[in-house]
Amino acid sequence: MYAQQQQQQQSNIAEPAALQLGLTTHYGFIIPHSSTIRDVAHSNPRALELDLSLHFTSQKAWNYLQGYPRLGATFSYVNFNYPRVLGNAYALVLYAEPFLSAHRRFSLSFRLGGGLAYMDTPYDEAQNPDNLFYSTRFSFPLVANLMGNYRLGERLQLRAGGTYNHISNGGRRQPNKGINYPTVTLGLQWALRPASFPERQPATAQAQGKKREYLLALIGGYKDREDDPGRQLPVLGLAAYASQRLGRLSALTFGLEWIADYTIRHQLEQQGVDTDFQRGALLLGHELRIGRIRLGQQLGVYVYAPHKAREAVYQRWGLEYHSQKRLFGGINLKAHRHVADFLDLRLGLKF
């Protein structure tokens with residue numbers, strides 16, 4: 001009895017997270033997702049990435065996150081291998097990376113992240129008319145990868161896998177086709193402060209929280225006018241959906257959203273067309289839950305669009321923070337296939 005109490009007390013003592021420093025290389029290709037960029041999408045981007053992260057290992061982290069996630073930041077230099085047109089990118093990305101079997105020598109991990117990038121050769125009508133990928137110096141990178149991790153010792157870890165990268169300005173200015181480039185990824189991680197990863201059992205369904213939640217969110221953002229790049233108009237909306245937990249880290253989402261894009265209203269007014277500019281859509285998707293952080297992907301289908309959209313189907317990629325109570329907030333990117341439409345902020349309630 002005394003031994004059990006002593007073991008429980010030891011398990012409740014806060015254990016410091018592992019502090020990791022990493023260096024990673026990337027090599028890939030650009031996806032020519034539009035006919036207008038095909039002639040300049042034949043280069044092979046390469047990147048060098050410096051990574052600093054915390055890998056949580058304590059019982060408290062396990063109870064809270066139901067796993068051993070790594071949270072960190074990367075700074076990357078990306079050479080698109082086409083200096084005259086595409087130039088280079090310097091990106092800062094924040095990410096969350098849950099690990100499967102982190103206590104074993106070999107483990108798998110899945111990373112999702114987003115951040116801010118400085119692009120040094122944007123579109124210019126006179127000086128650089130061929131760069132239809134991006135037209136602002138500051139853009140927003142999104143990253144997703146799947147990695148295999150092999151511990152070579154207490155401090156050193158070898159990592160290899162694949163990464164999907166997207167960079168665009170979120171529709172703030174045109175042209176904005178966005179750069180989509182998958183890469184082969186190889187790197188090393190060095191533990192500045194090593195830690196052990198005990199094998200622990202998943203929490204019960206009751207400890208994980210509600211099996212189903214209902215969420216309501218206000219949406220707001222700005223979007224560049226196609227007829228006058230640099231002049232922006234608001235995008236407002238409302239989203240209502242349910243989130244059904246599937247396991248420790250996953251949930252299925254389904255619902256609807258209503259969007260009022262004032263750039264569409266301006267376009268219709270210029271054309272003298274008396275048509276409702278608002279649109280409604282059904283949403284179906286998945287979210288990765290890491291504690292209070294949720295990384296979501298949704299597929300939307302327009303069910304109300306008097307002014308017909310270019311594509312009937314679109315995607316949403318979101319990052320949200322959920323408080324202990326009912327409030328949540330985050331950012332979300334809407335895209336038609338590989339072309340970003342707009343970036344929005346959202347604030348909501350869950351029930």
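Is Asn81 buried, exposed or partly exposed? Asn81 has a relative accessible area of 35%, so this residue is partly exposed; buried means under 20% relative accessible area, exposed over 50%, and partly exposed in between, with a 1.4 Å probe and protein chains only. The model is predicted, so local features need pLDDT of at least 70 and side-chain atom pairs count only at pLDDT 80 or more, while totals for chains, interfaces and linings use all residues. Residues are numbered from 1 along each chain as its sequence is written, and side-chain values use heavy atoms, with hydrogens and water left out.

**View 1. The whole chain.** The C-alpha trace spans about 80 × 45 × 25 Å along its principal axes. Of the 351 residues, 46% count as buried.

View 2. Rolling a probe the size of a water molecule over the atoms shows where empty space is left. A cavity is a set of points, on a 1 Å grid over the protein atoms alone, where a 1.4 Å probe fits but cannot get out; lining residues have an atom within 4 Å of a point. Grid points are joined across faces, edges and corners, and a volume is the space filled by probe spheres set on the points. By this rule there are three cavities of 30 Å³ or more. The volume of the largest cavity is about 250 Å³. Its lining consists of 25 residues, and those nearest the centre are His26, Glu49, Ser76, Val143 and Asn165. Strands that each supply at least two lining residues include β1 (18-28), β2 (46-55) and β3 (70-79). The lining has eleven nonpolar, ten polar and four charged residues. Here Ala, Val, Leu, Ile, Met, Phe, Trp, Tyr, Cys and Pro count as nonpolar, Asp, Glu, Lys and Arg as charged, and the others, Gly among them, as polar.

**View 3. The second largest cavity.** The second largest cavity holds about 120 Å³ of space. It is lined by 14 residues, with Tyr241, Gly296, Gln298, Glu320 and Asn332 closest to the centre. At least two lining residues come from each of β14 (293-304) and β15 (313-322), and β14 gives the largest share, five residues. By class, this lining has three nonpolar, six polar and five charged residues.

**View 4. Two aromatic pairs.** A pair of aromatic rings is described by the distance of the centres and the angle of the planes. Rings of Phe, Tyr and Trp (its six-membered ring) pair if their centres lie within 6.5 Å; planes under 30 degrees apart count as stacked, over 60 as edge-to-face and the rest as tilted. The count comes to seven aromatic pairs. Tyr68 and Phe197 have ring centres 5.6 Å apart and planes at 75°, so this pair is edge-to-face. Tyr68 is in the loop between α2 (59-65) and β3, and Phe197 is in the loop between β9 and α3 (205-208), 129 residues apart. Tyr68 counts as buried at 4% relative accessibility, and Phe197 counts as buried at 15%. Tyr118 and Phe138 also form an edge-to-face pair, 5.5 Å centre to centre with 65° between the planes. Tyr118 lies in strand β6 (residues 106-119) and Phe138 in strand β7, so the pair ties together parts that are 20 residues apart in sequence. Tyr118 is partly exposed at 32%, and Phe138 is partly exposed at 46%.

**View 5. Charges over rings.** A charge sits over a ring if NZ of Lys or CZ of Arg is within 6 Å of the ring centre and within 35 degrees of the ring normal. The charged end of Arg111 is over the ring of Tyr95, 3.6 Å from the ring centre. Arg279 lies over the face of Tyr302, at 5.5 Å from the ring centre.

**View 6. Backbone details.** Asn81, in the loop between β3 and β4, has a positive phi of about 60° although it is not a glycine. The peptide bond from Gln174 to Pro175 is cis, with omega near 0°. Pro175 is in the loop between β8 and β9.

Notes. On a 1 Å grid over the protein atoms alone, a cavity is a set of points where a 1.4 Å probe fits but cannot get out, and a pocket is an open set with protein on both sides within 12 Å along at least five of seven lines; lining residues have an atom within 4 Å of a point. Helices (H or I, at least four residues) and strands (E, at least two) are DSSP runs, numbered from the N terminus.
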